[in-house]
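Okay, everyone, thanks for coming. Let me put the structure up and then walk you through it.

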Amino acid sequence: MQRFDPRIYLFTVGHFAIDWAQGAIPALLPYFIATCGWSYQDAGTIVFANILLSSILQPVFGYYSDRVSRPWFAPLGIVISGACIAALPFVTDYGLVFACSMFSGLGSAIYHPEAARMVNGLAGAHKGKALGTFSVGGNAGFAAGPLFAGFCAYVVGVEGLLFYAVFNTAVALVLHHRMPDILRDMQAQEPAVAEGGQAVEAKNDWRSFGKLTILIFARSIGFDGCNAFLPLYLISVLSATAATGSFALTILFALGAVITYFGGILADRLGYVRGCASRSSS
């Protein structure tokens, strides 16, 4: 059986770098409310800016990636997300914070389609584990981002957010350095599938896609609601500290990372969709 390609872990770290930047934004909302006098609506709009551009552009970049792949988008997205968070200590104007949050979401939109495509190409027979591992990077990033951002904003000084740029740039450079080998191996695997006679013409299943989209939409409402307002609720209603609010997000997303990883392994063993095996054999 084909072994699990360890280079998938590199994209997992890249996913971590993207989402620890995204996870920093909700944890910083109490800081901006206290220092800039924002309302909760102002704070929620900052999160909206981050999610909006990412949500709109990610399918566009995915469509583009299927037709004209741009592998360098993956490291570029990592750099953009980290740089935007690192800029926050030096801006207090609401419009500039809004722009930093929005363009951090742009980095996320750039990274995900190309990275997911390459992880799928390297996965072989371990697609469930590979995509589960890749997703764990994002969940772990969402868990670590609030913890580190809260540590910077409320303990050592908000200038510590500069480390987001340092870490993300380092990850992007390593990924960029390994990219030629990854692309060469992916291209070598494609003819092998065709020669084995196992290539199947892919068709879009829009009905199933619509069902899945509804489920993801419903899940995202709860996810992003907790992401944006859980720290504010703990601070305002339960009189918790800002650091406690950040830690609550870390616990939430750490549980998600663990469950996602084991879910990927179970998908490889039990199947991805109930009933597929019976349909294919009939």
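Before the details, a word on burial: buried here means under 20% relative accessible area, exposed means over 50%, and partly exposed is in between, with a 1.4 Å probe and protein chains only. This is a predicted model, so local features need pLDDT of at least 70 and side-chain atom pairs count only at pLDDT 80 or more, while totals for chains, interfaces and linings use all residues. Residues are numbered from 1 along each chain as its sequence is written, and side-chain values use heavy atoms, with hydrogens and water left out.

Confidence next. pLDDT is the predictor's confidence in each residue, from 0 to 100. The protein averages 80, and 86% of the residues score at least 70. Where pLDDT is low, the predicted coordinates should not be read in detail.

Now, the inside. A nonpolar core is a set of buried Ala, Val, Leu, Ile, Met, Phe, Trp, Tyr and Cys residues joined through side-chain atoms within 4.5 Å. The largest one has 26 residues, and Leu-28, Ile-85 and Leu-161 are among those with the most contacts inside it. Helix α1 gives the most to this core, with nine residues. Take Leu-161: leaving aside neighbours within four places in sequence, its contacts include Leu-28, Ile-85, Pro-89 and Cys-152. There's also a second, separate core of 22 residues, which includes Phe-4, Ile-18, Ala-123 and Met-186.

What about a polar residue, Ser-108: buried or exposed? Ser-108 sits in helix α4 and counts as buried, at 4% relative accessibility. Not counting residues up to four places away, Ser-108 touches Ile-18, Asp-19, Gln-22, Ser-54, Gln-58 and Ser-81.

On to charges. Side chains of opposite charge can pair when their charged atoms come close. I'm calling it a salt bridge when a side-chain nitrogen of Lys or Arg is within 4 Å of a carboxyl oxygen of Asp or Glu, and that rule gives three.

One pairs Arg-117 with Glu-114, with the closest N and O atoms 3.2 Å apart. They're three residues apart in helix α4, so about one helical turn separates them. Arg-117 is partly exposed at 25% relative accessible area, while Glu-114 is buried at 2%. Both also turn up among the residues that Pro-71 touches, along with Met-118, Met-179 and Leu-183. Pro-71 itself lies in the loop between α2 and α3 and is buried, at 15%.

Another bridge joins Arg-7 and Asp-5, at 2.9 Å, N to O. Here Arg-7 is buried at 12%, and Asp-5 is buried at 11%.

The remaining one links Asp-181 and Arg-184, again at 2.9 Å, N to O. Both lie in helix α6, residues 162-195, three residues apart, about one turn of the helix. Asp-181 is partly exposed at 30%, and Arg-184 is partly exposed at 49%.

Key:
Helices (H or I, at least four residues) and strands (E, at least two) are DSSP runs, numbered from the N terminus. Contact means heavy atoms within 4.5 Å.
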